[in-house]
Amino acid sequence: LRYESNRWRLRNEAFDAPPEFTSLSFDRPPVLTPARALLRVGHRVDVPGEAQVAEARILSLHRDRHHRVAMLVLNETSAALLEAMGASPDRTLSDIVQDVARARGVAITPSFIEKLSTLLESMLAKGLLLGSLRAPSR
């Protein structure tokens, strides 16, 4: 029920516009779409492109650029990164990544960077991550 009610809310409710943003930079705070929800589910949810699975999952739902609800299936570290991005509007992406990795006991290795790059690319392509906060005008 939470899954369906969140899909309805993301499709139909009005959300505030995001702050002004520019291309993604690790030196600036990330900007996420305001129309998003993070769900931890313990029941079957049909994920397009995957076999039906009846296991606990972390789902990121958001309204994409075409006003459709898009979804990403996340692991614990990816979900922690997304939560930190949403909760830290003044922190740089670099600081957020380092803090989450440290808190979860994850080493920042070439493999981690490769997985992070894939995650960020997917979040950008799906419209969940919009870019980085634009620097204030002087």
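**Exercise 1.** How many bridges join strand S3 to S4, and do these strands run parallel or antiparallel?

*Solution.* The model is a predicted one, in which local features need pLDDT of at least 70 and side-chain atom pairs count only at pLDDT 80 or more, whereas totals for chains, interfaces and linings use all residues. Residues are numbered from 1 along each chain as its sequence is written, and side-chain values use heavy atoms, with hydrogens and water left out.

Step 1. Strands are DSSP runs (E, at least two residues), as helices are (H or I, at least four), numbered from the N terminus. Two strands pair if DSSP finds at least two bridges between them.

Step 2. S3 (residues 36-41) and S4 are joined by six bridges and run antiparallel. Within this pairing, Ala-37 has Leu-61 of S4 as its bridge partner.

**Exercise 2.** Describe the pairing of S4 with S5.

*Solution.* Step 1. S4 (residues 57-63) and S5 run antiparallel, joined by six bridges. Leu-61 stands opposite Met-71 in S5.

Step 1. Five residues lie between the strands of this hairpin, where His-67 takes a positive phi near 65 degrees.

**Exercise 3.** Why is S4 largely enclosed by the rest of the structure?

*Solution.* Step 1. A residue is buried under 20% relative accessible area, exposed over 50% and partly exposed in between (1.4 Å probe, protein chains only).

Step 1. S4 is largely enclosed because seven of its seven residues are buried. On one side these are Arg-57, Leu-59, Leu-61 and Arg-63, and on the other Ile-58, Ser-60 and His-62.

Step 2. S5 (residues 69-74) is mostly covered, with five of its six residues buried.

**Exercise 4.** Which residues have the most contacts inside the largest nonpolar core?

*Solution.* Step 1. A nonpolar core is a set of buried Ala, Val, Leu, Ile, Met, Phe, Trp, Tyr and Cys residues joined through side-chain atoms within 4.5 Å.

Step 1. The largest such core has 22 residues, and Leu-74, Leu-81, Met-85, Leu-120 and Met-123 have the most contacts inside it. Two or more residues come from each of S5, helix H2 (76-87), H3 and helix H4 (110-126). H2 gives the most, with six residues.

Step 2. A second, separate core has 10 residues, including Val-41, Leu-59, Val-69 and Met-71.

**Exercise 5.** Where is Asp-95 placed?

*Solution.* Asp-95 lies in helix H3 (residues 93-104). Asp-95 counts as partly exposed because its relative accessibility is 34%.
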